[in-house]
Amino acid sequence: MRSLLVLLVFLLISGVVSGQDFPRRPKIGLVLSGGGAKGIAHIEVLRTLDSLGIVPDYIAGTSMGAIVGGLYAAGYRGDTLRKIVEKIDWTELLTNKVPFREINIEEKDEFGRYIAEIQLDGFKPRLPLGLVDGQKLDELLAGLTLPVWNVSRFDSLAIPFTCVAFDIYRGEAVMFHSGSLMRAMRSSMAIPSFFTPVAMDSLLLVDGGVYSNFPVSYCREMGAEFIIGSDVGGGWYGKDKLNSLPKLLAQAAMLSSNRDQRRQRRLTNIYIDHVHYLKYESADFGYAREILAAGRRATNAVLPQLQALAQALRQFPAVPRKSLPNGVSRYRLQTIRTEGMSNRTLGTAMGKFGIHEGDTVTIRQLNEAMHRLFGTRLFSKVNYSIEGTTAGDAQATELTLSAREAYQGAAKMALHYDSEAGTGIIANLTYRNLLGRGSRLLASVDIAERPRFRVHYYRFLDTKARWWIAAGGYGERDIRNSFYQGRALPDVISYYGMGFARLSYSFDTRSYAGFGIRKEYSWYKPRISPADLPPNTPLAFDKYELNNTSVFAQYQFNSLNKVYYPNQGAQLSAEARLTVDNNLLIRLYQPDSAHKWQVEERINPYLRWQVSGQKFWPLSEKVSWIGRFSSGMTFSLLRKASNLDMADGSGVGDYFNIGGQADRPRGLSVPFFGLRENELSTPQVLVLATGIQWSPRKNLHILPMVNVLAGGYDAGQFLRHLGSWDKISESGQERAFNAFGYGVTAAFTSLLGPISLTVSRTEQVDKLRLFFNVGFQF
């Protein structure tokens, strides 16, 4: 009987659209199918309905159709949705990448430096349930649905709405008629294997397209009598198009839905078939403008039918199109609930969140707090929902924070090669909350010709997650060239080890200050025995050892928007260090002597400060101006008789190492265009650099740079002769010397990491320097 009634209504309405009169205004339904990126084409259907004055009474959607339909039902117009889509950075939206600027300062040291990461449950690898958690998509939808935050029943929206998801546990379709509009839309678009499923109560929800990709019958059940159906799904892939694994998986997942597609199509009155106009796949979000153009052509193909419907509806009183409610400026958080946070993460999470019950906040403050929460890296996804009642200008609300905890451990890997340090494989193990709540423990090793290792631990001490202790160690075995008048001398093998402990305070997500103690050990020996060197070879030493103990205070600030090749933001690093226990041993080779000349010395205490920074000023969308500086000075605190003439008070093993383009883990490296890595070592240094960064494409960068250097040995003489402009080869320890260099870097950011080639030169050395790098540095 119901099927017969549907058929009679279909025949009646079809006749009316052809020119007959409606006995009454029919209930208009709008159905938007799923189809991934192709669902963007639905927006052109909405724009046409707006222009014709056709106001649907009901909307039903699946997957991308649920998102477009849900926002339209909330009150957004078609033109507004088009503008939103055109502004979206789809690459960022549909990846797991978190913007570097949103990572908390305690985590920036390890972020974005690996090509692969596997989550560990204990020591067991755990594969994710989808390639993308959808954090940025959740944030976008949460922001767009805030104007209807206090609407819990979808029939109370500007247009009554429903969408379809599928419970993978029970194998049943789930229709959303109430609850959080954002979570309903997001659940309907949880594309299997691409997006992770959405957990909701006892349900695990995936894309509604698995069951009903074109939910016309559900729109009929809402009460619709006349259906406008917009279909971008396309049904089955034929033999000629089923040519890839993603398509095979999609077809297998949509078997039930595709079988039902023809029946659903027959239930429409005006059917808009986009498939013949779309030349793009479900993942082609980068072609949003082209998909919109295809949607316009598909809509124009049925424009006469839509115009006839609009004309027929004019005999009835116009149905007003409700607008999107005005947003409120502030929310008073009477209650804050959390979902998905265990006791091991709750304290740190809420400390970083920094908002408490009773606070009155703006949406901007709430979003910033969410970024701080996600920036802890304790969670794979976090989102929020707001419910409550209006109380004046400030909204009395209940805030719910929903999170999915990341696994406690992670194993990471990267590859790298550069023309100075050679090839290496980087392996990392990271565990959170293993040694106390609010803690992180990691160990990294670079398996290479020049091996390195790093161990680091930190733990928060207070409920606000501001005070924290850190301890760790670093070690390396390096092969370093010694340089004389620009000529590389026999290689030197160096060993370096360092351990530290520090107490720090984080001011915000971008900066911290701390003080602590550090123990360092340096040991150098020639790679070639001095006895085998030509006569009168400079620096013919047999052994060099330096160990010291120091106390230090430091400050770190980082607001850069990317780890590599940022185009905005700033970075500043400052440290003052008092070295109080310094022991030096030098053994020089004397070919004409029966004995080697050896000096063991306790070096005077010395004070060192070093400051470095960089700033990026965007000049246009593709061009940024760069300013950089590095400065360091060493002051002897005592003057006493010594077997060694060291005016600065330190040993050469504790000098600044100037040259090259890589910023090595040891804190004494100072990059300089025109010099090779470690080509110059001095205790006093000042480097100023400037240039531009031009990015003609998103992952391609060209950086022409110039820099100037002032270096010296005695701090007083260095300051007095800072502008003397003596060349490096002409300088002695009694004066400052200078250098000017320039170069250009071409870089490409790939899945393996940055790939770069730098060509540079300095007039003082007059040699062309080349540096090539592939991958992430240790």
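This is a predicted model: local features need pLDDT of at least 70, side-chain atom pairs count only at pLDDT 80 or more; totals for chains, interfaces and linings use all residues.

Me: Start with β25. Which way do β24 and β25 run, and how many bridges join them?
Reply: β24 (residues 541–558) and β25 (residues 569–588) run antiparallel, joined by 17 bridges. Within that pairing, F557 stands opposite L572 in β25.

Me: And how many bridges go from β25 to β27?
Reply: Eleven, with β27 covering residues 606–618 and the two strands antiparallel. T579 stands opposite Y606 there.

Me: What sits in the turn between β3 and β4?
Reply: The two strands form a hairpin with two residues between them, and G122 in the turn has a positive phi of about 75 degrees.

Me: What about the phi of the residue after α13?
Reply: That is G354, with a positive phi near 75 degrees. In α13 itself (residues 343–353), the buried residues include T345, T348 and F353.

Me: Aromatics next. How many pairs in the whole structure?
Reply: The search finds 25 aromatic pairs. In one of them, the rings of Y458 and F460 have centres 5.6 Å apart and planes at 75 degrees, so the pair is edge-to-face. Y458 and F460 are both buried.

Me: How is the Y474 and F778 pair classed, and why?
Reply: Tilted, because the planes are at 35 degrees, with the centres 6.5 Å apart. The pair links distant parts of the chain: Y474 is in β21 (residues 467–484) and F778 is in the segment after β36, 304 residues apart. Y474 is at 6% relative accessibility, so it counts as buried.

Me: Which rings have the charged end of R608 or R666 over them?
Reply: R608 sits over the ring of F656, with its charged end 4.5 Å from the centre. For R666 the ring is that of Y496, at 4.0 Å.

Me: OK, salt bridges. How many are there?
Reply: A search of the whole structure finds 45. R404 and D133 form one of them, at 2.7 Å from N to O. R404 is in β16 (residues 394–405) and D133 is in the loop between β5 and α6, 271 residues apart.

Me: Is each of those two buried or partly exposed?
Reply: D133 counts as buried because its relative accessibility is 14%. R404 is at 28%, so it counts as partly exposed.

Me: What does D155 pair with?
Reply: R153, with the closest N and O atoms 3.2 Å apart. D155 is partly exposed at 44%, and R153 is partly exposed at 48%.

Me: Which residues are linked in a salt-bridge network?
Reply: E44, R47, D79, R82, E86, R289 and R296.

Me: Last one, cysteines. How many disulfides?
Reply: The count is zero. C163 is at 0% relative accessibility and counts as buried, and C219 is buried at 0% too.

Conventions:
Residues are numbered from 1 along each chain as its sequence is written. Side-chain values use heavy atoms; hydrogens and water are left out. Two strands pair if DSSP finds at least two bridges between them. Helices (H or I, at least four residues) and strands (E, at least two) are DSSP runs, numbered from the N terminus. Buried means under 20% relative accessible area, exposed over 50%, partly exposed in between (1.4 Å probe, protein chains only). A disulfide is a pair of cysteine sulfur atoms within 2.5 Å. Rings of Phe, Tyr and Trp (its six-membered ring) pair if their centres lie within 6.5 Å; planes under 30 degrees apart count as stacked, over 60 as edge-to-face and the rest as tilted. A charge sits over a ring if NZ of Lys or CZ of Arg is within 6 Å of the ring centre and within 35 degrees of the ring normal. A salt bridge is a side-chain nitrogen of Lys or Arg within 4 Å of a carboxyl oxygen of Asp or Glu.
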